[in-house]
Amino acid sequence: MTMIDTAKIELKVFAAGSNGVANGGELDIEGLIPVFHRWVRDQCLEETMIDVADYTHVPNGPGVLLVCHDANYSLDQGGGETGLLYSRRRETHPSLGNIESLDDRLASVFRRSLEACVLLEEEPSLAGTVHFPGDRFLLWVNDRLIGRDGEEELESASKRLLARLAPEAEISLGSATSEGGRLGHHLRLAGSPGIRSLLAEIGEPSGESE
Amino acid sequence: MAPPSWKERLADQTPDELIQEIDVFETQLELKRQGKIDEKIFAETRLRRGVYGQRYDNGQRHDGVESRVLEFPSGDLTKGPTTMWDAPGMQRIKIPFGAVTADQLDVLGDLAEEYSDAIVHVTTRQDFQLHFIHIEDTPNLMRRLGAVGITTREACGNSVRNVTACPRSGVCADEAFDVSPYARALAYFLLGHKDAQDFGRKFKISFSGCGGRACGLAHLHDMGVVAQTRVVDGEEKRGFELYVGGGLGAVPYQAKLYDDFLAAEELLPTAQAICRVFSRLGEKRNRARARLKFLVAKLGFEEFRRLVNEELEQIPEDDRWTAFLDDLAVTDEEPTREPRALTMDPLPEGYEDWQRSNVEAQGQPGYFMATVCLPLGDLSADQTRAVAAIARKYNGGRLRTSVEQNLVLRWITEGDLPELYAELAESDLALPGASTLIDITTCPGTDTCKLGISSSRGLAAELRKRIAARSFEIDEAVEGLKIKVSGCFNSCGQHHIADIGFYGVSRKVGSHTVPHFQVVLGGQTADNAAAYGLATIAVPSRVIPEVVETLTGLFIREREPGESFQACIDRVGKAKIRALLQPLTEVPSYEQDASYYSDWGDPREYSIGDMGIGECAGEVVTLVEFGLSTSERIAFEALEDLEEGKTYMAASKAFQAMLQAAKAVTQTQNIDVSDDVDQIIGEFKTRFYDTEIFHDRFAGPKFANYLFRAHEEGLKSPSAEEAHQRIEEAQLFIEAAHACYNRMAPA
């Protein structure tokens with residue numbers, strides 16, 4: 001039986017450069033407010049999208065948050081590093097398909113996160129200022145019921161997934177779990193084929209959930 | 001093997017009674033899922049556990065173009081009338097007298113990360129709030145809070161809300177004595193007390209250590225308790241000035257002095273007796289008149305006092321009334337570090353600015369309070385845990401929340417201040433400007449509140465940014481002014497007691513709706529919130545920063561030596577100020593400047609559709625606009641009369657203003673309505689009140705009743721306070737007329 005039987009998985013896909021700015025541009029976090037509102041209006045994600053929350057006044061916080069029923073999306077500034085943070089809370093949307101194992105769940109979390117990264121990179125109003133090389137990730141089990149006992153299981157499942165998505169890349173993992181904190185891993189992919197390639201390798205979800 | 005559940009894991013760390021309460025609540029959730037519990041009963045049940053609704057919880061959201069249905073997986077299942085089960089909600093977390101520990105903050109940070117949006121919010125009543133919570137997560141959230149000594153019981157609903165107290169209690173140089181153990185005793189005495197379970201509305205209590213400062217805001221509470229000492233037979237006795245019947249909301253009341261020295265041993269029984277009178281005689285059906293302030297006004301103060309005394313004679317003796325007096329040290333805090341002088345040299349960059357505004361000497365020599373200034377009352381989950389760790393290091397892990405939505409660290413030695421500053425700065429928690437112009441208080445507004453009309457947080461964030469950018473140029477005279485913003489007239493942002501207050505309203509311009517704020521002037525926080533301001537003029541949201549510049553500029557130019565902002569505004573007069581601001585009220589057409597038609601921090605075209613969309617359509621648009629404009633003018637004249645002490649004229653004009661607004665909306669259905677008072681009232685009643693067209697979606701007939709009551713009561717010799725209230729009612733009636741017209745007007 002799995003230790004990590006929770007939908008609460010969180011993935012941060014780090015953006016290029018120390019502050020997430022690519023091509024010498026300047027990242028305007030507040031510029032995400034109209035972007036996320038438009039995503040809601042145009043139903044750009046396969047989610048029940050609810051609202052946009054502006055936390056740009058909180059330094060190194062979630063910045064601008066797209067709140068959905070199943071997950072929150074933000075261009076997170078936590079730890080002083082910019083990245084797309086996908087924080088899953090529950091798994092109810094039919095498009096998630098059947099999730100029956102931790103492997104399914106991690107694949108699903110990577111799929112949703114990378115889809116949002118691609119959308120952000122292609123967002124005209126951000127003028128190419130955000131770029132995700134797809135070589136660094138921070139993966140959390142956002143449920144403190146799951147303690148260090150789940151460390152090995154998470155590590156194995158992460159390795160299996162990354163090896164499937166990027167067989168040519170060099171994979172390295174490091175624990176991010178703190179005492180009494182959340183179970184987490186830094187994931188690195190030296191020689192990553194890029195987020196589009198990773199996304200293509202994940203493939204479609206298996207079946208439709210109820 | 002699957003890990004144990006939170007219920008199993010925390011069972012031995014939580015009081016049995018709380019475990020049982022949460023288990024019962026979890027069962028009620030399941031019963032509601034199965035449709036086996038009444039909708040309204042369940043709604044009040046969850047409210048009494050602090051589980052509150054949030055904007056869009058009716059399952060609809062306006063995306064700037066159209067209103068869309070949110071497709072939640074549980075379909076039509078609800079958690080209260082028109083409140084969808086799956087819609088995110090808010091969890092309010094009571095913190096009696098604002099005392100919070102590092103362990104509690106750690107848990108709050110974790111809960112924010114796991115169940116909310118990774119943000120912990122401090123409210124204007126020293127609570128914490130977590131937003132975007134799913135109702136099914138609330139039992140475990142409560143269990144985790146319960147394990148560190150926090151209950152969410154009676155955080156919302158018709159109950160005794162969080163008992164607040166001055167965050168300086170116990171360390172203030174000016175206090176009569178430390179009110180913390182008294183606030184604690186009263187909070188837990190009334191929690192779940194049988195005499196506090198049958199209120200028509202909420203009941204708020206605050207404690208203050210002195211009368212002069214603003215920390216406790218005694219005058220705006222149902223029960224404001226101010227520490228006093230008195231020498232009796234050569235011995236110093238502790239007691240309280242007790243104020244009763246205050247409250248903000250749509251029509252604010254100043255609490256009145258009930259007792260100038262209530263002995264400490266009389267505090268709990270007197271509070272209990274007041275609760276019994278409120279339970280027995282307070283309004284239950286008409287929620288708009290159900291707060292204690294209305295009961296006190298209806299009965300008269302002396303009759304209310306007689307009834308409380310009658311109750312006091314009948315209540316069975318309770319050991320708890322005085323047992324706590326044997327354990328007043330229960331809230332005492334001892335320093336964990338010996339005082340040491342400032343030795344660091346050079347001091348960290350920015351330290352001196354921070355020290356000037358955020359640090360205050362305690363009553364205990366060698367120790368200081370340091371305020372952690374939180375923009376909009378928010379801190380991230382990481383910051384929450386960081387400030388907990390800092391508190392552990394410097395004072396043993398004890399903090400207080402403040403009604404200014406900040407955190408206060410106490411028992412810091414002078415020598416530790418620069419290091420404390422540096423460590424706070426590492427987590428971006430060392431912002432200067434506590435209790436100054438930049439430290440703006442705001443309610444959630446349209447961000448998350450269902451009743452929000454304008455974006456109070458968006459405006460506060462914008463003002464904060466602009467003030468920060470000009471921090472080096474700001475005149476000393478305006479630095480200490482207080483700005484407070486509410487998203488609607490209900491005053492959760494406490495706009496009535498600000499130097500410059502704002503509350504959200506809307507105006508129809510052509511076929512569009514434009515977010516506005518009423519500018520409220522004349523209030524004061526000093527002397528425990530001793531004066532309330534009045535609305536002066538409605539200005540588009542977009543130009544509110546210019547309003548602040550105009551008003552602060554006026555103060556710098558016009559003030560006399562030593563004159564307060566309130567006194568200066570009073571002397572200059574609202575007519576001149578209104579004339580100064582009048583040019584800012586012009587709204588360019590949508591084609592000329594579309595920015596006026598969206599709110600701060602929200603690029604969607606502004607709509608009040610998320611509050612509720614009306615059904616009727618009217619035709620006499622220009623006539624209505626004209627009539628409403630006339631009513632606003634009359635209301636303003638009433639304000640001027642009040643300033644000049646002409647209370648009869650002021651109250652009379654306030655009624656005339658309501659009548660004019662009623663006539664204006666009535667003309668949409670009967671253009672021939674005359675100026676005869678009885679005909680206007682009759683027509684308005686038949687066409688707009690009986691049909692409920694004028695009813696506010698949330699407040700119901702409240703505003704229409706202001707008109708009818710003013711008509712029925714007539715005028716004798718109104719006091720200044722009565723005239724003041726009549727003007728407040730007139731302003732709200734006019735706003736309701738605007739809202740009614742907005743609902744009827746074609747899109």
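Reply: Chain B and its helix pairs

Chain B contains 24 helices and 26 strands, where helices (H or I, at least four residues) and strands (E, at least two) are DSSP runs numbered from the N terminus. The model is a predicted one, in which local features need pLDDT of at least 70 and side-chain atom pairs count only at pLDDT 80 or more, while totals for chains, interfaces and linings use all residues. Residues are numbered from 1 along each chain as its sequence is written, and chains are lettered from A and ligands numbered from 1 in the order in which they are written.

The C-alpha trace of chain B spans about 80 × 65 × 60 Å along its principal axes. Of the 747 residues of chain B, 56% are buried, that is, 20 or more other C-beta atoms lie within 10 Å of their own, whereas 12 or fewer make a residue exposed and values in between partly exposed, with C-beta atoms placed from the backbone. Of the contacts in chain B between residues at least 6 apart in sequence, 70% join residues at least 24 apart; a contact requires C-beta atoms, placed from the backbone, within 7 Å.

The close look now turns to one pair of helices. Helix H14 (residues 456–469) of chain B packs against helix H17 (residues 544–558) of chain B at an angle of about 50°, with the axes 10 Å apart. Axes are lines fitted to C-alpha atoms, for helices over the stretch in contact, and angles run from 0 to 180 degrees between N-to-C directions. H14(B) and H17(B) are therefore oblique to each other, since angles under 35 degrees count as roughly parallel, over 145 as roughly antiparallel, 65 to 115 as roughly perpendicular and the rest as oblique. The crossing of H14(B) past H17(B) is right-handed, meaning that the near helix is turned clockwise from the far one by less than a right angle, anticlockwise being left-handed.

From H14(B), the residues B:Leu459, B:Glu462, B:Leu463 and B:Arg466 meet B:Ile544, B:Pro545 and B:Val548 of H17(B). By class, this contact of H14(B) with H17(B) has five nonpolar, no polar and two charged residues; Ala, Val, Leu, Ile, Met, Phe, Trp, Tyr, Cys and Pro count as nonpolar, Asp, Glu, Lys and Arg as charged, and the others, Gly among them, as polar.

Within H17 of chain B lies B:Pro545. With 16 other C-beta atoms within 10 Å, B:Pro545 is partly exposed. Apart from neighbours within four places in sequence, B:Pro545 touches B:Glu462, B:Leu463 and B:Arg466. B:Pro545 and B:Asp499 are 46 residues apart in sequence and 15 Å apart in space, C-alpha to C-alpha.

A second pair may be set beside this one. Helix H6 (residues 180–190) of chain B and helix H7 (residues 267–281) of chain B pack at about 40°, with axes 10 Å apart. That angle makes H6(B) oblique to H7(B), and their crossing is right-handed. B:Tyr182, B:Ala185, B:Leu186, B:Phe189 and B:Leu190 of H6(B) make the contact with B:Leu267, B:Leu268, B:Ala271 and B:Cys275 of H7(B). The residues of this contact of H6(B) with H7(B) comprise nine nonpolar, no polar and no charged.

Conventions:
Two residues are in contact if their C-beta atoms, placed from the backbone, lie within 7 Å.
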